[in-house]
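Please look through the notes below with the model open beside them.

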Amino acid sequence: MPTPPAEQDESKLLLDNLVELTSQREQEMLESSLLSTLVELMHVDRVELFACRRVNGSPYLCRRLEALAASGKPEVRETPADGWLPPSPFLRDLFSHAHHDNTALLRIPSGLCLPLHCMGNITSLVVIHCGPDADVNRDMLLAMARIHENFLRLLFEADRDMLTALHNRRKFDLRFYNLIASLQHEAESAATHMLALLDIDHFKQVNDRFGHMVGDEVLLLMAQLMQASFREEDGLFRYGGEEFALLLECGDAEPAEVALERFRASVRRHVFPQAGCITISIGYTRITPGLLPDQLLEQADRALYYAKSHGRDQVCGFEKLVAGGKLESPLIADQIDYF
Ligand SMILES: Nc1nc2c(ncn2[C@@H]2O[C@H](COP(=O)(O)OP(=O)(O)OP(=O)(O)O)[C@@H](O)[C@H]2O)c(=O)[nH]1
């Protein structure tokens with residue numbers, strides 16, 4: 001029996017949305033695609049996404065995205081940040097009891113709440129504003145959530161370093177290039193952005209004296225110390241081997257310098273099992289709009305090289321070294337090359 005035209009339209013809409021959903025390569029794009037798909041398939045006016053995280057074991061939510069029905073494709077936009085807030089009472093149970101229940105779909109006063117998981121944690125909540133009594137296709141909704149989660153896991157694995165679980169070089173490149181592109185478009189950025197390169201001192205000796213497994217453990221512990229020391233929104237990456245990259249945002253350069261120096265001192269105080277005392281050297285530079293990614297990386301790398309060749313266990317800023325006459329200004333180098 002031929003399929004009725006209305007069902008054909010629904011199936012085509014579903015397939016088109018699945019194609020779009022699965023072609024995304026970034027978490028933000030994947031989420032925006034899911035919201036827009038849900039608005040279309042559920043025939044609702046509004047779907048929202050809340051990011052979830054735990055601080056000292058307690059869950060917090062932050063409203064991030066919303067999709068609104070529009071003529072043609074739904075309109076997806078970032079919502080103004082309200083900050084991280086504890087979940088409302090009817091959502092609290094979700095985080096305590098139903099945490100591992102992958103089929104949870106909650107009725108809430110405004111409609112439905114669909115939790116999304118990645119690596120065993122609820123990473124976001126989707127709120128579908130369909131009213132309390134809407135008749136919904138539960139199976140289809142849950143299937144969409146599972147497809148989204150599978151792709152999220154693939155993205156998570158593609159973006160992470162296997163040893164430390166920090167973001168990897170691929171993710172760094174993407175984040176760094178996007179940041180530079182966004183700064184080019186802002187006439188004057190209110191925030192200061194810093195790029196720092198961090199390298200473990202004499203790491204070869206750790207491997208040589210204690211073996212690669214202990215070396216690997218030092219890398220893993222170093223990543224955990226970084227996560228405990230820097231803010232959630234700071235970008236922390238394993239750049240390669242025993243080198244890490246950081247992207248920090250702050251009001252001006254000084255707090256970033258203080259944070260880097262505080263981290264260097266905390267590593268120096270830390271006693272690593274077997275390897276004992278380990279030090280790090282850090283080179284950083286301000287992400288000045290107009291400079292290319294390679295130029296900025298070279299500046300941070302020159303500051304790191306300076307730290308390494310002047311005793312290690314220190315934090316050096318490129319701009320300060322130039323101002324102090326300890327490194328040649330890139331402008332002078334350019335002029336020499338040019339003329
Ligand atoms: N265990 C372990 N070692 C690694 C890994 N990646 C790189 N290394 C080692 O890191 C060491 C880096 O050594 P070098 O580049 O000579 O630098 P260093 O000994 O840290 O000396 P300085 O940087 O000059 O202070 C090499 O021995 C690499 O084999 C890894 O994933 N695990």
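1. Basis. This is a predicted model, in which local features need pLDDT of at least 70, side-chain atom pairs count only at pLDDT 80 or more, and totals for chains, interfaces and linings use all residues. Residues are numbered from 1 along each chain as its sequence is written, and side-chain values use heavy atoms, with hydrogens and water left out.

2. The six-stranded sheet. Six strands make an open sheet with antiparallel pairing, in the order S3-S2-S1-S6-S5-S4. Strands here are DSSP runs (E, at least two residues), as helices are (H or I, at least four residues), and both are numbered from the N terminus; two strands pair if DSSP finds at least two bridges between them. The edges are strand S3 (75-78) and strand S4 (106-108); each has a single partner strand, so one side of each has no neighbour in the sheet. On average, neighbouring strands of this sheet are turned by 30° against each other, direction ignored.

3. Pairing of S1, S2 and S3. S1 and S2 are antiparallel and share 10 bridges. Glu48 has Glu66 in S2 as its bridge partner. Strand S2 (residues 58-68) is also antiparallel to S3, to which four bridges join it. There, Ala67 is opposite Val76 of S3. As background, strands of a sheet pair through backbone hydrogen bonds, either parallel or antiparallel.

4. Two hairpins. The hairpin of S1 and S2 has two residues between the strands, and Asn56 in its turn has a positive phi of about 50°. Six residues lie between the strands in the hairpin of S2 and S3, where Gly72 has a positive phi near 85°.

5. H2 against H4. The axes of H2 and H4 come within 11 Å and cross at roughly 170°. Axes are lines fitted to C-alpha atoms, for helices over the stretch in contact, and angles run from 0 to 180 degrees between N-to-C directions. H2 and H4 are therefore roughly antiparallel to each other (under 35 degrees counts as roughly parallel, over 145 as roughly antiparallel, 65 to 115 as roughly perpendicular, and the rest as oblique). Contact, meaning heavy atoms within 4.5 Å, involves residues of H2 including Leu30, Leu34, Leu38 and Leu41, and residues of H4 including Met140, Met144, Phe151 and Leu155. The contact of H2 with H4 comprises 11 nonpolar residues, three polar and one charged. In this count Ala, Val, Leu, Ile, Met, Phe, Trp, Tyr, Cys and Pro are nonpolar, Asp, Glu, Lys and Arg are charged, and the others, Gly among them, are polar.

6. The five-stranded sheet. The order in this open sheet is S8-S9-S7-S12-S13, and the pairing is mixed. Strand S8 (235-240) and strand S13 (315-317) are at the edges with a single partner strand each, so one side of each is left without a neighbour in the sheet. From one strand to the next the twist averages 20°. Strand S12 (residues 280-286) pairs with S13 in the parallel sense, over three bridges. Gly283 is opposite Cys316 in S13.

7. H9 and its contacts. H9 lies across strand S7 (192-200), S8, strand S9 (243-250), S12 and S13, and runs at about 145° to S12. Helix H5 (residues 169-185) packs with helix H9 (residues 293-309) at an angle of about 110°, their axes 10 Å apart. That angle makes H5 roughly perpendicular to H9. Phe172, Phe176, Tyr177 and Ile180 of H5 meet Pro293, Asp294, Leu296 and Leu297 of H9. Of the residues in the contact of H5 with H9, seven are nonpolar, none polar and one charged.

8. H7 against H8. Helix H7 (residues 212-229) and helix H8 (residues 253-269) have axes that come within 11 Å and cross at roughly 135°. This makes H7 oblique to H8. Met222, Leu225, Met226 and Ser229 of H7 make the contact with Arg262, Phe263 and Val267 of H8.
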